[in-house]
Every structure is written in structure tokens, then in C-alpha cells.
Amino acid sequence: MSYIYGFTLFILLVSLIVGVMRIIQGPRQADRLLAAQLFGTTGVAILVILAELQPLPAARDTALVLALLAMLAAVAFVSRVWKTTSTNEDH
Amino acid sequence: MNLLIDLTLLTGILAIAATSLLSRSLFQSVIFFILLGLTLALGWIRLGAPDIALAEAAIGAGITGVLLLDTLGHLKKTGKLDKDEHRPSYPRLLLAILSSVTLVVLLLWAVFHQPTPAIQLHLLVEEALPDSGVSHQITAVLLNFRSYDTLLEVGVLVLAVLVGLALQTDQHQQDSLPGLPNPLLHACLTLLVPAMLITSMYLLWAGSDRPGGAFQAGAMLAAAFILLHLSGIKLSAQLSHRMMQFGLLLGFTVFLVVATSSVIGGRPLLAYPDGGAGLLILLIELALTLSIGLILLSLFTIANSPPLSSRSGGSNGH
């Protein structure tokens with residue numbers, strides 16, 4: 001069973017690193033932020049698997065915190081950064 | 001298998017840190033900094049330190065990211081960041097590289113030349129744990145055995161927010177950027193904010209026998225406040241100024257009162273009475289959670305209000 005967990009974990013970690021490419025490439029800021037949001041979801045998945053693999057039940061609490069706070073960056077981006085960029089591009 | 005996972009994670013952390021530093025666009029640096037917080041939380045879990053992982057997830061990946069994104073938005077709005085590119089000056093870059101390399105060498109030296117500890121601290125903590133009033137070692141150290149440090153840390157936080165409030169020039173222009181009047185966001189908030197509040201209380205309660213505690217719970221509370229603030233529901237407008245100040249100081253005051261009341265009773269500073277330690281620790285943590293939540297929110301809203309000089313500078317420029 002732990003072999004399956006390990007394998008899944010490795011695949012998830014590799015998908016994180018592939019996700020970095022999307023953030024570097026962009027091309028727009030929104031694409032970069034969405035890739036970062038994907039990181040958050042994958043991070044939650046990794047934490048839940050780690051909680052079983054280690055075993056460390058507190059990792060589930062960390063996953064919960066991460067899942068709840070993932071939206072914060074997206075809201076901050078839309079309300080603070082995105083609007084000002086789009087007006088800059090209009091000029 | 002474990003080695004492979006650890007190596008992948010380590011490579012990821014180093015690569016993300018390097019990209020965050022070397023990236024040409026500030027926005028990209030901020031995004032990578034958020035990712036760094038996330039991967040560091042994974043790393044702490046791998047190392048078996050869930051307390052630090054929780055704090056890193058809440059503060060590193062959550063609140064710091066929002067603060068940086070907000071700052072970026074402000075820089076763009078005030079026109080201080082004309083282009084997304086920034087070119088570092090070479091003497092400064094050289095100095096930064098030199099000092100960080102020195103720091104790394106010193107840290108490596110410290111790690112490899114660790115003296116063998118004369119006292120087995122973790123054994124002492126385990127031995128004294130039944131008397132501490134809580135059954136989680138980290139909480140016992142933070143709020144009982146070394147509560148003096150925690151008291152001073154909270155003092156530093158209060159001091160930081162007091163300095164921030166003193167530097168705030170204009171009360172009315174507290175937040176120059178409007179919130180988002182988005183129905184989807186508001187519908188989302190009605191689901192998310194109660195969950196955040198419950199999780200915050202859960203983390204506080206969990207602190208007595210599992211990883212968790214006042215700082216993590218406070219960060220979670222602050223995240224809920226900031227989310228409400230960003231979507232246009234201003235807590236600082238709902239509460240009176242005096243009420244807010246009361247909330248900011250509550251945690252430090254309760255902690256200080258408990259600390260000094262033991263002196264009046266003839267015991268040394270910060271010594272809890274026999275049998276009452278658990279209840280007092282919970283009381284202190286409850287007050288601290290509320291205060292830390294409000295302090296982090298205040299630091300966020302203070303950062304929103306542009307100082308007088310930058311506002312006049314911006315209007316002169318146009």
C-alpha cells in the first residue's frame with residue numbers, strides 16, 4: 001500500500017515541477033496565478049497522502065489550512081493587481 | 001522511494017527559491033514566493049514538524065502572498081512601478097550575494113560543528129509534560145516552560161502594529177482601493193468564511209494535545225478578515241476605533257495580567273498556579289488568537305493606506 005502512496009506522491013511532485021514551466025512561460029499574469037492555484041490543489045493532495053505515508057495525522061490539518069487559504073491569493077490578485085494591469089493595457 | 005521523494009522536494013524548493021530571486025518580473029517573483037511557502041510546508045511535514053508546517057502554510061503561503069500582491073497592486077497604481085522589469089544595480093547585487101554566501105557558510109559551519117548538548121532538553125520536556133497543563137509538547141514549551149519568550153514575541157507584534165498606526169497619516173483614506181462587488185465571490189464567502197472561523201477555533205483547541213495553537217489560529221482568523229476586507233466588507237468600518245484598539249491589545253494584556261498576577265501571589269513571574277495551568281493557557285490562547293487576527297488585519301489595512309508623500313508625488317507626476 002505504501003508503495004502506491006509513494007508512487008502517487010512522486011507523480012504529484014513531478015506535476016508540481018511541470019507546473020513551474022507554465023508559471024515561467026505565462027504568457028499573461030492570470031495564467032501564472034492559475035498555475036499557482038493548481039499548485040495549491042496539488043499541495044493539498046500531497047499533504048493528504050503524506051499524512052497516510054508518514055503517518056502524521058497533523059498533515060491533514062495543514063492540508064485543511066492550505067485548502068482554505070488558497071483562494072486568498074486569487075481574490076487579492078483579482079481585486080488589486082489584475083484591474084490595474086488591464087487599465088494599463090487599455091492606455 | 002522516500003529518498004526519491006525527498007530529493008524531488010529538495011530540488012523543487014531550491015529551484016523555486018532561485019527563480020523567485022532571479023525572476024525579472026516582480027509579479028513572477030511574488031508568485032514563486034507563494035509557491036516557496038507551499039513547498040516549504042511540504043518540506044516541514046517531511047521532516048516531521050507539523051507545527052511549523054501549519055504556521056508556514058497559514059502565514060507563508062497565505063497571508064504573506066496576499067500582502068505582497070497587494071503591495072504590487074499599490075506600486076502599479078501609484079505609478080512607482082512603471083514597467084514590470086527591474087534592473088538591480090551591480091554593487092548592491094554583489095553585496096547581497098556576498099552577504100548571503102557568508103550567511104550560508106556560517107550556517108553550514110554551525111550545523112557541522114554542533115556541540116553535543118549537555119542537557120537532553122526533549123527528555124526534560126517529556127518529564128515535565130504532565131505538570132504543564134497541556135499534552136502537546138510544543139504548546140507546553142511555548143506557553144508554559146518558555147512562556148517568557150512568547151510574551152515578548154506578542155509584545156513585538158503589538159509594537160509593530162502601534163508603529164504602523166502611528167505612521168498612518170489619514171484616517172478617512174484608510175483604504176484607497178475598493179472591494180470587489182462580485183456576487184460569485186460573495187456567495188463563495190458565505191461558504192468559506194464560516195469554515196475558516198471554525199478551522200481557526202479548531203486549531204486553537206487542537207493546540208492543547210495536537211499541533212496547532214494561537215499563532216496558527218490567529219493567522220487563520222486574519223485570513224478570514226482579510227478575505228472579507230478584500231471583498232468590500234470592512235471590519236474596521238463596522239467596529240469603532242476604540243473597540244479595534246481594545247481587540248489589538250487584548251491578547252498582550254491578558255498574557256501580562258496572568259504573568260504578573262503570579263508575582264502578586266508570591267510565585268515567580270509567569271508561574272501558573274497548580275492545577276490551573278491548562279485553563280489559564282487556554283484563556284491566554286483565546287485572547288491571543290483574537291488579537292493576532294486583528295493585528296495581522298491591521299497591518300494589512302495600514303499597508304493599504306498610501307503615505308502622504310507618495311500620494312502627492314503621484315499627483316505631481318501626472
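Visitor: What does the secondary structure of chain B come to?

Guide: Chain B has 13 helices and zero strands, where helices are DSSP runs of H or I with at least four residues and strands are runs of E with at least two, numbered from the N terminus. The model is predicted, so local features need pLDDT of at least 70 and side-chain atom pairs count only at pLDDT 80 or more, while totals for chains, interfaces and linings use all residues. Residues are numbered from 1 along each chain as its sequence is written, and side-chain values use heavy atoms, without hydrogens and water.

Visitor: How do you know that the span of helix α7 of chain B is close to the expected one?

Guide: The expected span is 1.5 Å times one less than the number of residues. Helix α7 (residues 147-167) has 21 residues and reaches 30 Å from first C-alpha to last, close to the 30 Å expected.

Visitor: Which residues of α7(B) are called buried?

Guide: Buried means under 20% relative accessible area, exposed over 50%, and partly exposed in between (1.4 Å probe, protein chains only). Among the buried residues of α7(B) are Thr150(B), Leu151(B), Val154(B) and Val158(B). An α-helix has 3.6 residues a turn, so residues three or four places apart point the same way.

Visitor: Why is Met1(B) called partly exposed?

Guide: Met1(B) has a relative accessible area of 41%, and partly exposed covers the range between the buried and exposed limits, so the term applies. Met1(B) is found in the segment before α1 (2-22) of chain B.

Visitor: How much of chain B counts as buried?

Guide: Of its 318 residues, 42% count as buried.

Conventions: Chains are lettered from A and ligands numbered from 1 in the order in which they are written.
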